[in-house]
Structures are given as C-alpha cells and as structure tokens.
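Please read the following briefing beside the sequence and the coordinates. It takes up helix packing, strand pairing, an aromatic contact and some backbone details in turn.

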Amino acid sequence: MNYDAALDAALNRLHEEGRYRTFIDIERRRGQFPHAVWKKPDGSEQDITVWCGNDYLGMGQHPVVLEAMHKALEDTGAGSGGTRNISGTTVYHKELEAELSDLHQKEAALLFTSAYIANDATLSTLPKLFPGLIIYSDALNHASMIEGVRRNGGAKRIFRHNAVEHLRELLEADDPAAPKLIAFESIYSMDGDFGPIEEICDLADEFGALTYLDEVHAVGMYGPRGAGVAERDNLMHRIDIINGTLGKAFGVHGGYIAASAKMCDAVRSYAPGFIFTTSLPPVVAAGAAASVRHLKSDQALRDLHQERAKVLKLRLKGMGLPIIDHGSHIVPVMVGDPVHTKKISDMLLSEYGIYVQPINFPTVPRGTERLRFTPSPVHDPKMLDGLVRAMDALWNHCALNRAEMSA
C-alpha cells in the first residue's frame, strides 16, 4: 500500500468538502483575556479578541486561581510524579475531590485528566460492575459518552434527542429485571438546548434505571452554587452520577464524576482510564479547587455571564441573523455551508481581530455548519458592539457572494 497516497487522499477529501480544520496559534495575555495575540505563520502578530473559548467565566485569569497555582507550584513543583495509585495522590487532589463532592452534594468525587476521559472510562466500566447493563444514550450525546458506551461491550439503546416518549418505548421493550442506565446531558454544547432532566428522572424511577448526567457546559454557571442545571432545578439528588469538567467555566483543566462513595470507589478500582493515567499536576488541582470554591459564592459573575449572552442574542436576532436560542449561554449562528462558515471566520479574524472557530461536520451534522459564540463576563459592551458591527457587515457581504455564486 502507498501510505502517503492514502493520507493525501484522506486530507484532500477534507479540503474538497471545505471542512479541513485550520488552527491558529494564539497567546493569551494574563490579566487581558479575552484579548489575545495571534501569532501568524509569517512571524507577525495581531491583537485579537477570543469569542469561541470555553473559559466561560474568565476564571483562567482570576487572581484567586492564579494565586493558588503559584503557591502550589512553589510548594510542590511541577508534576504529580505518578498515577493516583503510585505516588500521584496528594493533598491537592483530595482537597479538590472534597470541593467537588460538596458542590454536587454527593458522598464522593473522582478526578480524571479530562471530562472526556471521565465519560469514556466511567461508561465503559459500568457493565463490569453491573453485568447485563443496558445503557440508554441520547442521540446527541458528546463523543466521549458515545465512545464510552461503544467500548463497554454491553447493550445500548439510542433514543432520539430529548425525546422522552421514545426513551419510554425503549425502556418498555427491554427486560424489566435488566440493570439500566440513562446517559444524557444538561446542556448540549452545539445548539445550547437543555436536557429534560426531571422527565428522564421520572422514567428512571419508574423503570429502575440509574441516571448519568453530563454537566460539563453547566458547572460553574448554573445553580445557586454553580453545580449545574440539576442544582438550578432542584434535581441533583435524583442523579446517580454527575460528570463535570474543570477546563471550561472553572478555567483550569481536568474532569471528574460525583456520585456515591461506593460508585466512585468501584470506578476507581476498575476503570483503566483512571488506574493507568498519570494524575493531574498538583498545581492544576490547586487552581481548580480554588476556582470551584470561589464560584460557589460568586453569583454576580454568573448573572453577568447570562446578561452578556442575552444581550448578544437579542442584538444578533435584531439584525435578522439565524441564531439558535434555547435560553442558555451558547450563541450559535447558523451558516449551513462549510466553505462560507470558514470564509466568515477568516474574515472576522483578519479584518476585525475577532476569533471564532468554524464548527463543521462531524462536530455537527452536514448542512448545519455554524459559528458558535461564547460571550463571557469579561466581554465588555465595547467588544460586543465590535462583534455585532462586524457580523452585520460580513453577513451581508457573504450573502451577496452566495447569491452571485448560485445565479
């Protein structure tokens, strides 16, 4: 086989479809986020504003977080030195797990190196703990959940997105005595819509199923202490396993599950994704613990975040742009074509210093390509004005170009 030719063919397909992914090199500047510097391939630099990051609250720059990380770095050094089982469990890891279990009002929490690994490792391990387990998974669950369900070797059922009646049909069709688990999300990150948590919990109670809720796009931002949508809706006690991330609203890195002490102990003891992975550096755990602790009481930051998202959606709607608005903090502007999505993204960056990455297949279905904006409390009104003016100019420009191309 000509391996180089095969690689060329695979990459050329992406270019031909207009969905080859180009990464730009940026340098965040401490204390200035969401401003950053774009390091261009020719060696020059351009000041930009990041509008597509998942540091939803700007906590990656917060003094409380940075102070905790500086102290841990000076006290302990860089890495953890091993897996959790072999010298990699420190006081910082235990402190962070305690903060997380308290946040979600669960008996325990278990840290992973990312929320992707937490989903994959946990969902692929559960059938070892509950032989014959059937997992019912929402059709739009994150790739990490899909991979975990796929790899576990057990039975799976896919229900249509947020379709509670379809889920009921699938549950009714299976053996009542079989162990069951329903896996879903609280906020789906591409459309920004909410999962029907209460209705799914009702079905879980009726059919004797466990519940597994991914709150990665909600932790820190929703609920009176930032525990997520389940906390906001007074439903945390009805969720058996909560998955969360430390790399989005908490602004640092890592992932976790929160559940009963027995559940966390069993996953800790059986999941290869936990057992054989070097643990988070203590400096990261320290920063994450400080962030979680701070956000338990900073409701003003959450309120400002929601206000910024609401204002941006209202202004884009007022311009007639096709946005999806489910009431969350995520602002998708639908373009529907990978080439035009990339073109608008490139022009926003080069002409206006606005960085928003195009979202194409396979992240979203073909024909639903979009620009996904994530306004934060640190995007001030002047930045928002600049974005709105740029989108107004470019949207009309690209609409004329599309009309000319199809004529």
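This is a predicted model: local features need pLDDT of at least 70, side-chain atom pairs count only at pLDDT 80 or more; totals for chains, interfaces and linings use all residues.

*Helices α4 and α5*

- Helix α4 spans residues 115-129 and helix α5 spans residues 143-151, and the two pack at an angle of about 25° with their axes 7 Å apart.
- Because angles under 35 degrees count as roughly parallel, α4 is described as roughly parallel to α5.
- The crossing of α4 and α5 is right-handed.

*Helices α2 and α11*

- Helix α2 (residues 63-76) and helix α11 (residues 282-295) have axes that come within 8 Å and cross at roughly 150°, which means that α2 is roughly antiparallel to α11.
- The crossing in which α2 passes α11 is right-handed.
- On the α2 side the contact is made by V64, V65, A68, M69, A72, L73 and T76, and on the α11 side by P282, V283, V284, A286, G287, A290, S291 and H294.
- By class, the contact of α2 with α11 contains 11 nonpolar and four polar residues, and no charged residues.

*The four-stranded sheet*

- An open sheet with mixed pairing is formed by four strands in the order β1-β2-β3-β14.
- Strands β1 (25-28) and β14 (354-355) stand at the edges and have a single partner strand each, so one side of each lacks a neighbour in the sheet.
- Strand β1 is joined to strand β2 (residues 35-39) by four bridges, and these strands run antiparallel; within this pairing, R28 stands opposite A36 in β2.
- Strands β2 and β3 also pair in the antiparallel sense, over five bridges, and W38 has Q46 in β3 as its bridge partner.
- Strand β3 (residues 45-50) runs parallel to β14, to which two bridges join it, and the bridge partner of V50 in β14 is Y355.

*Hairpin turns*

- Strands β1 and β2 form a hairpin with six residues between them, and G31 in the turn has a positive phi of about 85°.
- Strands β2 and β3 likewise form a hairpin, here with five residues between them, and G43 in that turn has a positive phi of about 95°.

*Aromatic pairs*

- The structure holds two aromatic pairs, and one of them is the edge-to-face pair of F112 and F274, with 5.7 Å centre to centre and 75° between the planes.
- Since F112 lies in strand β4 (residues 108-112) and F274 in helix α10 (residues 272-275), this pair ties together parts that are 162 residues apart in sequence.

*Backbone details*

- Most residues other than glycine have a negative phi, and most peptide bonds are trans.
- The peptide bond that joins F33 and P34 is cis, with omega about 15°, and P34 lies in the loop between β1 and β2.
- A cis peptide bond also runs from F361 to P362, with omega near 10°, and P362 is placed in the loop between β15 (358-359) and β16 (370-373).
- Although Q105 is not a glycine, Q105 has a positive phi of about 55°; this residue lies in the loop between α3 (91-104) and β4.

Technical notes
Residues are numbered from 1 along each chain as its sequence is written. Side-chain values use heavy atoms; hydrogens and water are left out. Axes are lines fitted to C-alpha atoms, for helices over the stretch in contact, and angles run from 0 to 180 degrees between N-to-C directions. Angles under 35 degrees count as roughly parallel, over 145 as roughly antiparallel, 65 to 115 as roughly perpendicular and the rest as oblique. A crossing is left-handed if the near helix is turned anticlockwise from the far one by less than a right angle, and right-handed if clockwise. Two strands pair if DSSP finds at least two bridges between them. Rings of Phe, Tyr and Trp (its six-membered ring) pair if their centres lie within 6.5 Å; planes under 30 degrees apart count as stacked, over 60 as edge-to-face and the rest as tilted. Contact means heavy atoms within 4.5 Å. Ala, Val, Leu, Ile, Met, Phe, Trp, Tyr, Cys and Pro count as nonpolar, Asp, Glu, Lys and Arg as charged, and the others, Gly among them, as polar.
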